[in-house]
Amino acid sequence: MTKKVMVIGAGVAGLASAIRLQHAGYTVEIVEKEALPGGKMNRIEKDGYQFDLGPTIVMMPELYKEIFELCGRDPDDYIPMEKLDPMYRVYFGDKVDQPYDISSDLTTLMQTIEGISEEDAEGFLDYLKEIYKRFTIAKKYFIQRPFRKQTDFFNPFMLKQAMKLKTLDNADHFLDKYIKNEHLKQMISFQTLYIGVSPYNGPSLYTMIPMIEFLYGIWFIKGGMHTMATAMERLFLELGGSIQYNTTVEEIAIENGVAKGIYLDGHKREADFVVCNADFPFAMKNLVKNTEAKGKYTDKKIDSMKYSCSCFLMYLGMDRKYEEVEHVHNFVFNENLDQNLHDIFAGNKLEDASFYIHIASKMDPSLAPEGKDGLYILMPVSDLSTANYEWNDETIQYYRNSILQAMKRIKGFETIDQEIVSETYMTPKDFAAKFNAYNGACFGLQPTLSQSNHMRPQSKATHCDNLYFTGSSTHPGAGVPIVLLSAKIAVQELLHDDKEILFDYY
Ligand SMILES: Cc1cc2nc3c(=O)[nH]c(=O)nc-3n(C[C@H](O)[C@H](O)[C@H](O)COP(=O)(O)OP(=O)(O)OC[C@H]3O[C@@H](n4cnc5c(N)ncnc54)[C@H](O)[C@@H]3O)c2cc1C
């Protein structure tokens, strides 16, 4: 008889783990509290408009494809993709009429950089070279492997590699060495927000995110990101797996230090292994009730950890198309981005916030009624444990109006407030309630130095056998491609324990 695995949660990492395990010969069942697959990669459908709820930017497409290729499928049959060029447009509040288009074609990109600052062009290339070196080390030795025991990190070889990563510097400080122009520097540092950490606090290594954009590009999946979730669900069902939606797991059944299944409605559902995709801090606090099994992750420890920022989102159905706005991805930075970043991580209510506008219906018109566009607008905000203000209707209206006011200064959006026909919001409270994101933090535990690599929660539970964690709060961290790696690591850990398969991580 094949062994049974229960997977808690059909987020990206839950689906990817389930596919890998089903493919490896296990009988896998996913239990998901929401009605759709994808977790934060969910879909909002309203008044004929369809929006991705969370992720929109596809980086490292090879990792998206890997899961389909592993199962002998052609990824193009599941997630047809198109490369975007230019990748995005960046507006600065003090020069809103002179935006920059950012290309992943190096020739075009260099012309843009030289146009911003001749002096910094050489520094830009030096930055690329330095971070590329670190990226190859991180990819080879850190982000694709677990740190199961202390000696997996604390050994001469790994310590030598860690030194090469030069993680002690923060992103902002690191860029200071190469680039003087403030706008250019901001264009290469804001991407740490993709994983919910400030460039002033995030290790300089995370400036590899813009480097990956510049050198490898970004992509659009037909139908938007949610296509990846439905495609993984389809593949999992084709492989013979099963999913139960609208069902909340109450507890992980743990007996004598071994996970034995899960509890649903007070009834135990038995399994040989449990893979938990529910956010690690939430799961440790609420689903692992056995104190010994928590190991060092006591409730006190969970609350003392640092959480990534959250997001306020507006999904607007518009009564027209925005031909004058040419790009699918648009970043709008206010005059005082530094203050803005400080306020997000200090918990202050934001003034003149910076935000991101995504218009997926430009790439795929079927996502909005004919002749109309849908606007997805994201503003990074404090997580619930940091915010020193309440999320209520007043806060929503305050942010809504301040965003619309700022947008009206952008060519093409001058009359935006009169063109809205449908409106939906997501707040940090909604992320907590819908997906059990601890503190409503959109990217899980903040990837500070002391919460990265061997110091981030690992996949294999330290004090309970047959229990594995996967997802953004575990190593290697947040972002769709990175949680796909976390799923791969979780499955390798399970296979290592069950079948004594040894994976070579050097
Ligand atoms: C607004 C936003 C924008 C983003 N933009 C990007 C982007 O452009 N590109 C990118 O690569 N990444 C982006 N990200 C990050 C990316 O979306 C996440 O890192 C990734 O989707 C997280 O996947 P996950 O599997 O770890 O967790 P989740 O998506 O949180 O999945 C966990 C699942 O577990 C379920 N669950 C929780 N508790 C239970 C329970 N008790 N019982 C049953 N089910 C349970 C939840 O409902 C959920 O479905 C963005 C995230 C957000 C929020």
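User: How far does a backbone N or O atom of Ala-13 lie from an oxygen atom of the ligand?

Analyst: This is a predicted model, where local features need pLDDT of at least 70, side-chain atom pairs count only at pLDDT 80 or more, and totals for chains, interfaces and linings use all residues. Residues are numbered from 1 along each chain as its sequence is written, and side-chain values use heavy atoms, with hydrogens and water left out. A polar contact is a pair of N or O atoms within 3.5 Å; within protein, one must be able to donate a hydrogen and the other to accept it, and residues adjacent in sequence count only if both atoms are side-chain atoms. The distance from the Ala-13 backbone atom to the ligand oxygen is 3.0 Å.

User: What percentage of the ligand's accessible area does the protein cover?

Analyst: A polar backbone atom of Thr-56 lies 3.0 Å from a ligand oxygen, and one of Val-249 lies 2.9 Å from a ligand nitrogen. On its own the ligand has 1000 Å² of accessible area (Shrake-Rupley method, 1.4 Å probe), and the part that the protein covers is 96%.

User: In which loop is Asn-436 found?

Analyst: Asn-436 is not a glycine, yet has a positive phi of about 55°. Helices (H or I, at least four residues) and strands (E, at least two) are DSSP runs, numbered from the N terminus. In these terms, Asn-436 is in the loop between helix 15 and strand 19.

User: Which residue does a cis peptide bond join to His-475?

Analyst: The bond from Asp-85 to Pro-86 is cis, with omega near -5°, and Pro-86 lies in the loop between strand 5 (81-84) and strand 6 (88-92). For the cis bond at His-475, omega is about 5°.

User: Is the pair of Tyr-322 and Phe-413 stacked or tilted?

Analyst: Rings of Phe, Tyr and Trp (its six-membered ring) pair if their centres lie within 6.5 Å; planes under 30 degrees apart count as stacked, over 60 as edge-to-face and the rest as tilted. The count comes to 41 aromatic pairs. The rings of Tyr-322 and Phe-413 have centres 5.2 Å apart and planes at 45°, so this pair is tilted.
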